[in-house]
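Dear colleague,

I am passing on the structure we spoke of, with notes on what came out of going through it. Please read them with the coordinates open beside you.

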Amino acid sequence: MSMGHFLSIHPSEIQFPFELRRQTSCSMQLTNKTEKYVAFKVKTTNPKKYCVRPNSGIVLPGSSCSVTVAMQAQKEAPPEPCRDKFLIQSVIAPDGLTNKDITQKWYDGYFNKEDGRVVKEFKMRVIYIPANPPSPVPEGSEEGTPPRSSSVENGIQNFDEVSRSLEDTKEKSSEAWSAISKLTDEKASALQQNQRLRQELEMMRKDISKTRSGGFSLMFVVLVGLLGVLIGYLVKIA
């Protein structure tokens, strides 16, 4: 934690977890340990690269303010060390002053040292930290020494397990397709049998209908014949 006279600033350096083509951000805490109202203003040597929110404000006595610094996504790795800098200015402000009461023009005029006003400044450097640090070297291995044989054995074992898993999957898939094909054939056979039964049933209905129609005609002829014989017999008697 660094003391900028009017404000206590933490951390004392701006550290970004750097990763190509990805925006990153960090924050810092400004604490007013005085009994006065303190106004602050944040500046940077590279305003197109960084965005500060809020970049200015009022910190009440005994209170704190959190400032977020965002860095735009970078297409290439920055030079080492980073030359970007931040400057935090602080000055005693009138009591009762709030952020709504002041404008950017007020800040520009109030932070003017030529008016005899005491303006404290605190410089901060920028440090980039790799977002994905390299993996540690395995114990017992030295630079230029090939990995342990156990790693190769583990890789071969994992490969064998994956191969067996793929073979099991193919076998199960073949069995499933065989079952589906068998069910499809059985369904087609059942539909054919059903169609054949329907045709046979329709033919039986037609035969029964013809039989009934023929039986009625023969009976009518027999009755007419018997009636004729009876009339002839009666005529002879008469």
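Two strands are taken as paired if DSSP finds at least two bridges between them. Strand E4 (residues 24-32) and strand E8 (residues 64-71) run antiparallel and are joined by 8 bridges. Please keep in mind throughout that this is a predicted model.

Strand E9 (residues 85-93) and strand E10 (residues 120-130) are antiparallel and share 6 bridges, with Lys-85 placed opposite Arg-125 in E10.

Turning to the aromatic side chains, the count comes to 5 aromatic pairs. In one of them, Phe-18 and Tyr-128, the ring centres lie 5.4 Å apart and the planes stand at 45°, so the pair is classed as tilted. Since Phe-18 belongs to strand E3 and Tyr-128 to strand E10, this pair ties together parts that are 110 residues apart in sequence. Both residues fall below the limit for burial, which is under 20% relative accessible area: Phe-18 is buried at 14% relative accessibility, and Tyr-128 is buried at 11%.

The aromatic pair of Tyr-50 and Phe-86 is edge-to-face, with 5.1 Å from centre to centre and 65° between the planes. This pair likewise links distant parts of the chain, given that Tyr-50 lies in strand E6 (residues 50-53) and Phe-86 in strand E9, 36 residues apart. Tyr-50 is buried, with a relative accessible area of 5%, and Phe-86 also counts as buried, at 2% relative accessibility.

Arg-117 lies over the face of Tyr-110, 3.9 Å from the ring centre, while the charged end of Lys-120 sits over the ring of Phe-6, at 5.9 Å from its centre.

Finally, some points of the backbone deserve a look. The peptide bond that joins His-10 and Pro-11 is cis, with omega at about -5°, and Pro-11 lies in the loop between E2 and E3. Another cis peptide bond runs from Arg-53 to Pro-54, where omega is near -15°; Pro-54 lies in the loop between E6 and E7. Arg-21, although not a glycine, has a positive phi of about 60°. Arg-21 is found in the loop between E3 and E4, and with a relative accessible area of 62% this residue is exposed.

Note on methods
Residues numbered from 1 in each chain as written. Predicted model: local features only at pLDDT ≥ 70, side-chain atom pairs only at ≥ 80, totals over all residues. Heavy atoms only, no water. Helix = DSSP H or I, 4+ residues; strand = E, 2+ residues; numbered from the N terminus. Phe/Tyr/Trp six-rings, centres within 6.5 Å; stacked < 30°, edge-to-face > 60°. Buried < 20%, exposed > 50% of the residue type's maximum accessible area, 1.4 Å probe, protein only. Lys NZ or Arg CZ within 6 Å of the ring centre and 35° of its normal.
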